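Subject: Structure for your review

Dear colleague,

Please find the structure below, followed by an account of what was found in it. I would be grateful if you would read the two side by side.

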Amino acid sequence: MKITVIGTGYVGLVSGACLAEVGNNVLCLDVDAKKIAILNQGGIPIYEPGLEDMVKRNVAEGRLHFTTDVELAAQHGLIQFIAVGTPPDEDGSADLQYVVAAARNIGKYMTEYKLVVDKSTVPVGTADKVRAALQEELDKRDVGLEFSVASNPEFLKEGAAVDDFMRPDRIIVGTDDDRATNLMRKLYAPFQRNHERLISMDVRSAELTKYAANAMLATRISFMNELAILAEKLGADIEHVRQGIGSDERIGYHFLYPGCGYGGSCFPKDVQALRRTAAENGVPMRVIDAVETANEAQKHLLLSKIIARFGSDLKGMRFALWGLAFKPNTDDMREASSRVLMEGLWAHGAHVQAFDPAAAHETHRIYGDHPQLTLADNPEAALAGADVLVIVTEWKVFRSPDFGVIKDALKLPVIFDGRNLYEPAQMRELGFEYFAIGRK
């Protein structure tokens, strides 16, 4: 099948590469000429395990192409995926200008039937806006071409996106006509050969499903984070509590790990957008309001623990920081807890020596040559000359370190662990002061 993917960001690039991997002829469009140049030269503008090899392979085999030519892209694909950004507006609602602009461009240049699919995370009712924009452009041209609009939200985890797309646990498709449904079933047939994973529904339900899923996961995280704070006060161990409730099959273990707050491009933005949609329709979302409030507070927890131990004047102190990305296996620092911590440490006069396996370049892009920040090339370099160690992201490389090396490098044997990587009893035996989240 001929497919156009509009937008080569995280969702668009992963989707385009995976659709090409199963034999489709995919053309990816982006208005950013620099990004397209990088892709055409064999590079990728994001970090995602397995993606670079897949992109190179499919480009070499002639199934995956990149362009800035809007007209070419609009005429290429029978199916047109809109995978552009939907950043939050000042009021928390999703900014749909890029989605609508993509729809208008399709309407300007299409010459035959098109199935236009919203792949971006968009509020309920966006398909109506896409349909209206398309029809308006067709009316301007005075042509009577047919088209369909569908919703096909993505459920890709950063760090495991390629595997999520190739082996999906569900494929949500929202359509209003049989032609679109049948095309989507044909498109996704290679991804569900073992058993049916495609769930067909109306467009508005599909749009809401994406927000509902992320809001539910965010709720579980914030709930556990608040329980962790309570566990500390009560002298309980949140790890034992997690095992106790996770063993209940009605609850399960997923997203029950307390930490220093969630971040990234999805959960914060989608929770805010869902709140805004509810407010516009006069529906209070008390649980979701609390989820966001709890998460913002959790991002300040590590700094609070540091100040409780050392006081508010941190001038002259150097903090080794392991982990900058909002989660492992990505270089994404959007809404990352590390940013809240670093900016708080700087405000109190401290210097940060940070290491992350993937996000150093993104950190430098955000903060430049900040006078209170040193970016290290490896975990040991971040420790050199530091007073204490703070762990913010649970990269695998941090799970089993040489604690003797850590203790020798630090001026003080103190570790603040925002992801509960180690056992408190073991850390005490090794002579560390160990501050975790909700643990004895």
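Predicted model: local features only at pLDDT ≥ 70, side-chain atom pairs only at ≥ 80, totals over all residues.

Residues are numbered from 1 along each chain as its sequence is written, and side-chain values use heavy atoms, with hydrogens and water left out.

Helices here are DSSP runs of H or I with at least four residues, numbered from the N terminus. Two packed helices are described by the angle between their axes and the distance between the axes. Axes are lines fitted to C-alpha atoms over the stretch in contact, and angles run from 0 to 180 degrees between N-to-C directions.

Helix α1 (residues 10-21) and helix α3 (residues 51-60) have axes that come within 9 Å and cross at roughly 50°. That makes α1 oblique to α3; angles under 35 degrees count as roughly parallel, over 145 as roughly antiparallel, 65 to 115 as roughly perpendicular and the rest as oblique. In contact (heavy atoms within 4.5 Å) are Leu13, Val14, Ala17, Cys18, Ala20 and Glu21 of α1 with Leu51, Met54, Val55, Arg57 and Asn58 of α3.

The axes of helix α9 (residues 203-234) and helix α11 (residues 267-280) also come within 9 Å, crossing at roughly 115°. These two helices are therefore roughly perpendicular to each other. Residues making the contact include Leu208, Tyr211 and Ile221 of α9 and Phe267, Val271 and Leu274 of α11.

Leucine 187 lies in helix α8 (residues 178-188). At 1% relative accessibility, leucine 187 counts as buried, a term for under 20% relative accessible area, with exposed over 50% and partly exposed in between (1.4 Å probe, protein chains only). Beyond residues up to four places away in sequence, leucine 187 touches Met1, Ile3, Leu19, Asn24, Ile79 and Phe81. Of these, asparagine 24 is 163 residues from leucine 187 in sequence, yet their C-alpha atoms are 8.8 Å apart.

How many disulfides are there? The count is 0, a disulfide being a pair of cysteine sulfur atoms within 2.5 Å. For cysteine 18, the nearest cysteine sulfur is that of cysteine 28, 11 Å away; cysteine 18 is buried, at 0% relative accessible area. The sulfur of cysteine 260 is 18 Å from the closest cysteine sulfur, in cysteine 266, which is too far for a bond. Cysteine 260 also counts as buried, with 1% relative accessibility.

Yours sincerely
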